[in-house]
Amino acid sequence: MALKIVYQICCGIDVHKTFVVACIASTNNNVTTYKRHRFSTYTKGLKELSQWLCENKCRDVCMESTGKYWIPVFNILETTCKITLAHPKYVKAIRGKKTDKKDAKWIADLFKHDLVVGSFMPPQAIRQLRDLMRYRFKLTNFKSSEKNRFQNSLTVSNIQLGNVVSDTFGKSSMAIIEQLLNPASDQPLDIPSLIHGTMKKKIPELEMAVDGFITHEQAAKLRIIRQHFEDLNNRKSDLEDLILCLSLPYAEEINLILTVPSFKNIFSAITIISEIGADMDVFPTAKHLCSWAGLTPTNNESAGKKKSVRISRAGCYLKPLLVQCAITVVKSEKHPEIRNRYLKIKKRRGHKRAIIAIARMLLTAVYMILKKKEPYNAELYKNSDVLPVSREITVDQAIALAKSQGYQILSDA
């Protein structure tokens with residue numbers, strides 16, 4: 001039985017840095033003809049591509065997501081075509097038979113039979129918000145790196161403030177470091193006048209911690225790191241102001257997400273919106289969303305044997321946030337419906353799998369509240385954990401359950 005042709009006229013695009021190769025597959029009476037053309041990735045060339053597709057009455061386009069090179073192509077064709085963006089591993093041609101023209105034809109052949117699974121593409125406003133939120137994540141990483149470099153320079157100079165204070169960049173510790181870096185000051189370090197609050201109880205420890213020697217080179221390095229850290233902090237603050245302005249249309253969805261346990265920071269809620277969007281109709285079920293976020297076991301079975309079922313690497317920005325929220329919420333007893341489920345899974349499967357399960361639970365809760373436009377309701381989870389009073393099971397089901405737990409079934413004889 002031949003594969004059904006879903007798209008009578010479609011186009012496959014092989015994307016590169018400086019050019020794209022497009023191949024239009026037109027099917028008439030089960031006979032497919034192909035038209036190929038190469039276009040540059042300058043705006044003029046991409047507009048010529050759009051015009052070429054319109055002249056050939058092609059509205060269905062499939063292309064692979066190659067780095068960042070697909071984005072200009074997508075932006076130009078978005079208004080005139082229905083674009084399916086595919087992961088390269090799903091449209092990769094057979095090794096030994098790969099050329100740019102053959103790659104485009106291969107994509108078109110797969111797409112005309114509807115064999116390509118398209119990637120989730122949110123609206124343009126969400127994509128812009130996603131880009132800014134991911135940049136904010138990078139700035140946060142840069143700040144952490146600079147903090148570590150600052151602490152390393154202090155350690156090299158035998159300044160052990162990190163052993164006494166909880167935050168080296170705190171007000172009291174920075175006042176002490178400022179005094180240490182001041183070359184014009186010949187006076188001995190007066191620690192009591194530089195600290196405040198509960199730090200006054202640690203004066204003897206602080207005096208021992210600052211008993212070191214900072215060389216001229218290390219002092220210069222510390223000043224540069226401190227200045228860079230302050231610049232990063234200012235740039236991050238400016239970026240957050242821009243993000244808050246762009247997120248105003250999604251205020252209702254953000255407030256709903258903030259009702260989910262451990263989502264207390266508004267930027268955590270904005271991260272969720274920027275990654276999955278505000279419209280949950282694009283995901284048929286919560287399980288599809290969890291699979292897209294890389295929080296479900298993979299299927300890898302052959303000849304009746306299950307191989308590795310580890311979670312995928314998808315959701316590299318969304319998954320770490322959900323895991324952090326899961327770790328926070330299971331430590332608190334304010335949400336027993338989540339903590340009890342974590343402890344139950346941890347006994348059988350261990351901490352790591354249990355945390356992933358709680359992260360999946362939180363994402364499912366986010367999906368449902370965005371779908372129904374209702375705040376988080378803990379009672380729904382509490383009721384789901386209550387077992388029915390009368391439970392029945394057949395002999396065959398009991399045997400299958402025992403086998404699944406690793407028991408060997410022995411006969412009475």
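The model is predicted: local features need pLDDT of at least 70, side-chain atom pairs count only at pLDDT 80 or more, and totals for chains, interfaces and linings use all residues. Residues are numbered from 1 along each chain as its sequence is written, and side-chain values use heavy atoms, with hydrogens and water left out.

**Exercise 1. State in which order the five strands form the open sheet, and which are the edge strands.**

Solution. Helices (H or I, at least four residues) and strands (E, at least two) are DSSP runs, numbered from the N terminus. Two strands pair if DSSP finds at least two bridges between them.

1. The order of the five strands is E3-E2-E1-E4-E5, in an open sheet with mixed pairing.
2. E3 and strand E5 (82-86) are the edge strands, each pairing on one side only.
3. From one strand to the next, the twist averages 20°.

**Exercise 2. Determine in which sense, parallel or antiparallel, E1 pairs with E2, E2 with E3, and E4 with E5.**

Solution. Strands of a sheet pair through backbone hydrogen bonds, either parallel or antiparallel.

1. Seven bridges link strand E1 (residues 9-15) to E2 in the antiparallel sense. A hairpin of three residues joins E1 to E2, and Val 15 stands opposite Val 20 in E2.
2. E2 and strand E3 (residues 31-40) also run antiparallel, joined by 10 bridges. Ala 25 stands opposite Tyr 34 in E3. The hairpin of E2 and E3 has two residues between the strands, and Asn 29 in the turn has a positive phi of about 55°.
3. Strand E4 (residues 60-64) pairs with E5 in the parallel sense over five bridges, with Met 63 opposite Leu 85 in E5.

**Exercise 3. Find how many residues of E2 are buried, and which helices lie across E2.**

Solution. Buried means under 20% relative accessible area, exposed over 50% and partly exposed in between (1.4 Å probe, protein chains only).

1. Strand E2 (residues 19-28) is mostly covered, with eight of its 10 residues buried.
2. Helix H1 (residues 43-55) lies across E1, E2, E3 and E4, and runs at about 160° to E3.
3. Helix H4 (residues 100-112) lies across E1, E2, E3, E4 and E5, and runs at about 140° to E1.

**Exercise 4. Describe how H11 packs with H9 and with H13.**

Solution. Axes are lines fitted to C-alpha atoms, for helices over the stretch in contact, and angles run from 0 to 180 degrees between N-to-C directions. Contact means heavy atoms within 4.5 Å.

1. Helix H9 (residues 216-246) packs with helix H11 (residues 266-276) at an angle of about 60°, their axes being 11 Å apart.
2. H9 and H11 are therefore oblique to each other; angles under 35 degrees count as roughly parallel, over 145 as roughly antiparallel, 65 to 115 as roughly perpendicular and the rest as oblique.
3. Glu 240, Ile 243 and Leu 244 of H9 meet Ile 266, Phe 267 and Ile 270 of H11.
4. H11 and helix H13 (residues 318-331) pack at an angle of about 145°, with axes 10 Å apart. On the H11 side, the contact is made by Ser 268, Thr 271, Ile 272, Glu 275 and Ile 276, and on the H13 side by Leu 318, Leu 321 and Leu 322.
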